[in-house]
Amino acid sequence: MAYTREHCLRCRQDFPALIKNPGLAFLDGPGGSQVPRVVIDAIADVYASCNVNTHGNFAPSQEVDRRMATARSVVATFLGAPSGACISFGQSMTTLSFNLSAAIGRTLKKDDEVLVTQLDHEGNRGPWLGLQERGVIVREVQLLESGELDPADMAAKITPRTKLFAIGASANSLGTVNDLGLARRLTREVGALLVIDAVHYAPHFPIDVQALDCDFLLCSGYKFYGPHVGVLYSRPGALDQLPTDRLSVQDPAAPYRIETGTLNHAAIDGVRAAVEYIASWGSGSSLRERIVDAMTHISAYEHSLAKNFHDAVRRIPGVRVYGPDFAVGRTRAPTVSITLGKATAAEAATALGKQGICVWDGDFYAARPVQVLGLHERGGLLRTGISMYNTQDELNRLLTGIEKLA
Ligand SMILES: Cc1ncc(COP(=O)(O)O)c(C=O)c1O
């Protein structure tokens with residue numbers, strides 16, 4: 001079943017924020033998406049039905065145990081993981097990324113190398129850069145003017161000394177989709193771990209961690225129509241031996257080994273509901289089939305809106321578009337970043353915000369690519385992100401707004 005304009009209009013009825021704010025165009029998805037009613041209901045229902053702690057010998061506690069196990073299993077299916085035992089939850093992707101780097105850092109020796117990229121969000125750089133304090137050497141894959149990572153530089157910097165490569169699946173600043181196949185091949189050759197930040201990728205493309213063959217993958221529920229919960233996939237066996245920060249009384253097995261304290265049960269059940277909501281737009285006999293079908297068709301819809309917008313906005317005098325283009329055959333996230341004339345991104349976003357158009361400005365914590373592109377001093381980028389509930393009409397409004405500003 002294709003996902004068309006009619007489906008999009010129908011889906012908008014599921015999002016209370018869109019009904020409540022008919023004048024607002026939420027084109028800020030890369031910063032966080034809106035949530036459908038079923039997600040809000042799922043969160044509220046945990047508080048109404050089983051707002052107690054886990055592992056008790058009484059019914060509401062057994063119910064919350066059941067919901068947490070279901071959530072792990074549903075998120076595992078979303079990511080193509082073999083089971084819920086591969087899925088850990090945390091406060092945010094950044095928190096889990098710090099927890100992971102602290103644990104892996106303890107296994108590294110002075111002069112071991114870790115590789116990050118110039119394109120990534122700080123959430124996939126800062127925790128690894130911090131390992132320099134332990135004598136680990138952290139190197140960076142260079143970003144090209146085109147908005148893509150330099151494959152030759154990647155190949156040159158993955159050496160027998162490399163113990164881990166942390167790379168984004170897609171850039172939240174420029175919409176680039178990275179060559180993860182190359183990253184896996186190169187890291188395999190030297191026995192290095194591969195850590196993928198899929199925060200920007202997860203809302204737009206089906207994910208199959210087993211096909212990606214990664215060791216760890218992180219994403220964040222609030223980018224794919226859920227609440228604020230970080231998700232960590234660990235390859236079976238990858239977490240079990242890691243010296244994570246944890247209490248002596250805590251379950252040392254995966255996936256609990258890296259989780260700290262009591263989790264946000266209501267929000268985690270909300271993530272489960274978000275995945276099932278996405279799946280409700282697909283067809284197939286299993287949840288996995290429905291997820292992949294829905295994501296494939298939503299992705300095509302978002303791509304066509306983003307391509308139209310990209311083609312139109314780059315023709316406006318004074319506008320410069322950053323990141324790879326929408327060439328046929330290129331996988332590209334539906335995220336378009338621009339600068340326009342003399343106006344800073346903040347001035348443009350403020351003027352558009354007054355017209356009810358929600359777009360982000362600045363570096364969106366992707367400070368390194370913005371700096372490398374020489375845009376830091378001029379206030380960064382104006383970023384438009386397209387979600388499953390966005391329409392061509394909203395993008396037309398944005399184009400008119402940008403034309404006036406330029
Ligand atoms: C690509 C990317 N990675 C990591 C993060 C950090 O995610 P979180 O807010 O869950 O820590 C973000 C958030 O915007 C992001 O876009």
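This is a predicted model: local features need pLDDT of at least 70, side-chain atom pairs count only at pLDDT 80 or more; totals for chains, interfaces and linings use all residues.

I begin with the sulfur of Cys 8, whose closest cysteine sulfur, in Cys 11, is 5.4 Å away, too far for a bond. A disulfide would require the two sulfur atoms to lie within 2.5 Å. Cys 8 also counts as buried, because its relative accessibility is 0%.

I turn now to helix packing. Two packed helices are described by the angle between their axes and by the distance between those axes. Helix 11, residues 287-313, packs against helix 14, residues 392-405, at an angle of about 20 degrees, and their axes are 11 Å apart. Angles under 35 degrees count as roughly parallel, and helix 11 and helix 14 are therefore roughly parallel to each other. Their crossing is right-handed. Helix 11 contributes Leu 305, Asn 308, Phe 309, Ala 312 and Val 313 to the contact, while helix 14 contributes Gln 392, Leu 395, Leu 398, Leu 399 and Ile 402. Sorted by class, the residues in this contact are 8 nonpolar and 2 polar, with no charged residues.

Helix 14 also meets helix 12, residues 345-354: their axes come within 10 Å and cross at roughly 130 degrees. Helix 12 is therefore oblique to helix 14. This crossing, too, is right-handed. On the helix 12 side, the contact is made by Ala 348, Ala 351 and Leu 352; on the helix 14 side, by Leu 398, Gly 401, Ile 402 and Leu 405. Here the classes are 6 nonpolar, 1 polar and no charged residues.

My last topic is Glu 259, in the loop between strand 8 (230-234) and helix 10 (265-279). Is Glu 259 buried or exposed? Its relative accessibility is 6%, so Glu 259 counts as buried. Leaving aside residues up to four places away in sequence, Glu 259 touches Arg 72, Ile 87, Ser 88, Phe 89 and Gln 250. Gln 91 lies 168 residues from Glu 259 along the chain, yet their C-alpha atoms are separated by 9.3 Å.

Thank you for your attention.

How values were computed
Residues are numbered from 1 along each chain as its sequence is written. Side-chain values use heavy atoms; hydrogens and water are left out. Buried means under 20% relative accessible area, exposed over 50%, partly exposed in between (1.4 Å probe, protein chains only). Axes are lines fitted to C-alpha atoms, for helices over the stretch in contact, and angles run from 0 to 180 degrees between N-to-C directions. Helices (H or I, at least four residues) and strands (E, at least two) are DSSP runs, numbered from the N terminus. Angles under 35 degrees count as roughly parallel, over 145 as roughly antiparallel, 65 to 115 as roughly perpendicular and the rest as oblique. A crossing is left-handed if the near helix is turned anticlockwise from the far one by less than a right angle, and right-handed if clockwise. Contact means heavy atoms within 4.5 Å. Ala, Val, Leu, Ile, Met, Phe, Trp, Tyr, Cys and Pro count as nonpolar, Asp, Glu, Lys and Arg as charged, and the others, Gly among them, as polar.
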